[in-house]
Amino acid sequence: MHGCCGGEGHGNGDLVGAVSRRAALTAAGSVVLGAGLLSASTGIAAAQPAAALPENALITLGVQAGPPPIPNRIGISSALKIGTDVYVIDCGLGSLNAFANAGLKFADLKSMFITHLHADHIVDYYSFFLSGGYTASAGKGAVSVYGPGPAGGLPPSEVGNPNPPTVEPANPTPGIAAMTDALHRAFAYTSNIFIRDMGTDDIQSLVNVHEVVVPPGSDYQNRSPRTDPFPVMTDDNVRVTATLVSHYDVYPAFAFRFDLLKSGVSVTFSGDTTKSDNLIALAQGTDILVHEAQFSLADGGNNSRFPPGYLVRSHTSAEQVGEVAAAANAKHVVLSHYSPTDLPDAKWRDAIGRRYRGEITVARDGQVFAL
């Protein structure tokens with residue numbers, strides 16, 4: 001399995017807050033939620049109450065890359081709050097807790113979007129329903145989930161094994177619909193008990209899965225040909241479009257753009273990707289570009305856990321993020337899913353700023369950006 005890259009380290013760096021608006025895009029501060037206070041009586045860090053959220057906001061619930069758990073860090077996940085409605089993009093490790101720490105409620109969760117099916121983007125996916133759904137008021141409408149369909153085939157091994165083992169050979173590349181059905185079955189017992197003991201809703205009624213239909217011309221061997229942005233969904237708050245991006249041998253892998261219908265503000269999420277012309281087209285003129293980054297794409301030599309060439313075929317360097325943002329005329333880059341995490345913010349900003357003159361924020365877990 002090819003895990004997404006993620007370095008360790010916990011440098012604080014320079015916290016840069018920002019507010020993005022189409023009209024002015026002036027810096028006006030940001031908030032990091034979930035900070036701890038040390039209790040004198042117990043010596044245990046107690047969470048502060050979540051600050052009041054803006055009417056419309058981007059919240060970087062977690063910015064950590066990679067499947068391994070990192071102490072005191074939250075895996076990749078973001079939320080858009082539009083009025084009282086909430087949209088979640090990716091569900092990394094700890095993201096449900098971060099969602100609650102931010103003062104968000106499952107009752108307000110309207111839709112979820114999954115960029116691709118690597119573990120670090122989906123590990124908390126079902127937790128939102130299994131644990132968050134436990135609090136659902138009777139008759140809550142289903143959460144619409146948008147994500148990848150079946151890949152359709154597996155790539156050859158990249159680690160020297162000509163005949164690698166295959167999990168579930170009868171269906172080795174399920175999409176998000178089959179994955180969700182399997183999770184319903186796996187957790188049937190606890191769901192059935194809670195239905196009988198607590199009167200909870202059937203979790204199956206809380207999830208409405210839509211596999212994103214990709215335009216013709218791509219497959220698991222031709223994963224991100226040049227593609228015009230294509231529609232995903234529109235509701236009363238937002239219009240969502242997507243494109244295919246290249247992330248090693250994962251297919252399909254999406255970037256998503258959210259255009260807020262009332263304010264005209266737009267937020268684009270790169271997902272995990274190399275430098276992508278498809279993403280540049282999707283993100284044209286966007287107010288906020290939430291982009292992943294690996295500071296350097298150089299191979300790590302014999303000590304690397306990745307096969308040779310993995311980083312350059314999977315991720316975007318810091319300098320390339322600046323190139324993408326400049327080509328897209330993005331007004332504000334918010335760096336998320338970045339590695340290593342122990343670099344000073346100034347070093348990231350210097351590298352991105354070689355090609356880009358807009359605003360740059362190296363995001364933190366729980367950071368809030370008013371829209």
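How many bridges join strand β11 to strand β12, and in which relative direction do the two strands run?

**View 1. Pairing of β11 with β12 in the predicted model.** Strand β11 (residues 238-244) and strand β12 (residues 254-260) run antiparallel and are joined by seven bridges. R239 has D259 of β12 as its bridge partner. Strands are DSSP runs of E with at least two residues, helices are runs of H or I with at least four, and both are numbered from the N terminus. The model is predicted, with pLDDT of at least 70 needed for local features and 80 or more for side-chain atom pairs, while totals for chains, interfaces and linings use all residues. Residues are numbered from 1 along each chain as its sequence is written, and side-chain values use heavy atoms, without hydrogens and water.

**View 2. The open sheet from β10 to β16.** Seven strands are arranged in the order β10-β11-β12-β13-β14-β15-β16 with mixed pairing, where a pair requires at least two DSSP bridges. The edges are β10 (230-234) and β16 (359-362); each has a single partner strand, so one side of each lacks a neighbour in the sheet. From one strand to the next, the twist averages 25°.

**View 3. Helix α7 on the sheet strands.** Helix α7 (residues 318-328) lies across β14 (288-294) and β15 (332-339), and runs at about 155° to β14. Axes are lines fitted to C-alpha atoms, for helices over the stretch in contact (heavy atoms within 4.5 Å); angles run from 0 to 180 degrees between N-to-C directions.

**View 4. The protein as context.** The protein has eight helices and 17 strands. Of its 371 residues, 51% count as buried, meaning under 20% relative accessible area with a 1.4 Å probe, protein chains only.

Definitions and conventions. Buried < 20%, exposed > 50% of the residue type's maximum accessible area, 1.4 Å probe, protein only.
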